[in-house]
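Dear colleague,

Please find below the sequence and structure that I am handing over to you. My notes on what was found follow directly after them.

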Amino acid sequence: MPVIAPMPAARPTRVPGQRDGADGAVTAGTTVDQLTETYRAHYRSLLGLAALLLDDTASCEDVVQEAFIRVHSARKRVRDPEKTLAYLRQTVVNLSRSALRRRILGLKLLPKPMPDMASAEEGAYDQLERDSLIKAMKNLQRRQREVLVLRYFADMTEAQVAETLGISLGSVKAYGSRGIAALRIAMGASA
């Protein structure tokens with residue numbers, strides 16, 4: 001996983017209200033130099049900690065950088081400089097949890113697709129199949145086509161088809177089975 005190189009050594013920064021000639025240390029809390037040294041020494045281990053909690057490198061790097069920024073802003077409250085690393089670890093864990101919460105919330109708020117809606121691909125495949133079926137139906141004998149249309153598309157029983165077409169029930173069955181066999185051959189050849 002790519003890692004950002006440690007920052008170059010920072011020059012002591014002047015704290016507002018500090019007299020000239022005094023060193024760059026803050027009287028209470030962690031100094032900027034101590035935080036820089038902590039960054040150099042523990043950046044990779046903190047990145048590894050974030051990687052255990054998050055799944056992508058960019059998020060891990062963002063979390064660790066944000067943790068250093070937050071601890072830097074609150075460095076006066078860290079009374080014991082030895083606890084800086086502990087504060088950083090806890091901040092990384094908390095920021096990782098927040099990132100995961102935001103992701104989960106984002107997933108919950110995504111609009112759900114309608115269950116009855118077909119995707120564009122499914123619609124295209126359905127249209128292709130429908131077109132091939134219509135083409136195959138046009139190649140059937142007239143009686144086979146009539147029997148299949150009335151039986152399967154108009155949802156009539158065999159007796160109703162026989163009555164509608166004025167043919168016997170046996171003829172309906174024969175035309176139907178021959179028509180389906182012809183469609184299977186035609187549709188199998190086109191697929």
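Predicted model: local features only at pLDDT ≥ 70, side-chain atom pairs only at ≥ 80, totals over all residues.

Within helix 5, the buried residues include Gln-144, Val-147, Leu-148 and Leu-150. Just after this helix, Asp-155 takes a positive phi of about 60 degrees, although Asp-155 is not a glycine. Most residues other than glycine have a negative phi. Asp-155 is found in the loop that runs between helix 5 (142-153) and helix 6 (158-165). Its relative accessible area is 64%; because this is over 50%, Asp-155 counts as exposed.

I turn next to the nonpolar cores. The largest has 18 residues, of which Leu-46, Val-64, Phe-68, Leu-88 and Val-92 touch the most other members. Helix 1 (32-53), helix 2 (57-73) and helix 3 (84-109) each supply at least two residues of this core. Leu-88 touches Leu-35, Thr-38, Leu-46, Ala-67, Phe-68 and Val-71, leaving aside residues up to four places away in sequence.

Another core, of seven residues, lies apart from the largest one; among its members are Leu-150, Val-161, Ile-167 and Val-172. In soluble globular proteins, nonpolar side chains tend to be buried together.

With kind regards

Conventions
Residues numbered from 1 in each chain as written. Heavy atoms only, no water. Helix = DSSP H or I, 4+ residues; strand = E, 2+ residues; numbered from the N terminus. Buried < 20%, exposed > 50% of the residue type's maximum accessible area, 1.4 Å probe, protein only. Core = buried A, V, L, I, M, F, W, Y, C linked by side-chain atoms within 4.5 Å. Contact = heavy atoms within 4.5 Å.
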